[in-house]
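Keep the sequence and the structure open side by side as you read.

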Amino acid sequence: DLINLRKIQVTRRAFAALLADGSVITWGAPDCGGDSSAVKDRLRNVQQIQATSFAFTALLADGSLVTWGNPTWGGDSSAVQ
């Protein structure tokens, strides 16, 4: 449900909506970030979301980042975590 929407970000073929409760809902092409199931458990207390052409990042309340989408375009931040 897109109730209490705070912000929406868009890649080329996917959407991510930040809700007032700090959760994120995604939809669209999986290879562009439309499938956040791999990081769903970490998408809590989200303060902000940003998008590249094919990936998303979420800034959490504790200052950490969660990324998903195409690894080449920023969807995999494991090398800098």
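**Around Thr-67**

The side chains of Thr-67 and Ser-77 are joined by a polar contact of 3.0 Å (a pair of N or O atoms within 3.5 Å; within protein, one must be able to donate a hydrogen and the other to accept it, and residues adjacent in sequence count only if both atoms are side-chain atoms). Please bear in mind that this is a predicted model, where local features need pLDDT of at least 70, side-chain atom pairs count only at pLDDT 80 or more, and totals for chains, interfaces and linings use all residues. Residues are numbered from 1 along each chain as its sequence is written, and side-chain values use heavy atoms, with hydrogens and water left out.

- Thr-67 sits in strand β6, residues 65-69 (strands are DSSP runs of E, at least two residues, numbered from the N terminus).
- A polar atom of the Thr-67 side chain also lies 3.3 Å from the backbone oxygen of Gly-75.
- With a relative accessible area of 14%, Thr-67 is buried (under 20%; exposed is over 50% and partly exposed in between, with a 1.4 Å probe and protein chains only).
- Beyond its neighbours within four places in sequence, Thr-67 has contacts that include Val-39, Phe-56 and Asp-76 (heavy atoms within 4.5 Å).

**The loop between β3 and β4**

- Ala-38 is found in this loop and is exposed, at 77% relative accessibility.
- Ala-38 and Gln-50 are 12 residues apart in sequence and 18 Å apart in space, C-alpha to C-alpha.
- Asn-45 belongs to the loop between β3 (24-28) and β4 (46-51), and its phi is positive, near 55°, in a residue other than glycine.

**Before β1**

- Asn-4 lies in the segment before β1 (5-10) and is exposed, with a relative accessible area of 54%.
- Although Asn-4 is not a glycine, it has a positive phi of about 60°.

Methods. Helices (H or I, at least four residues) and strands (E, at least two) are DSSP runs, numbered from the N terminus.
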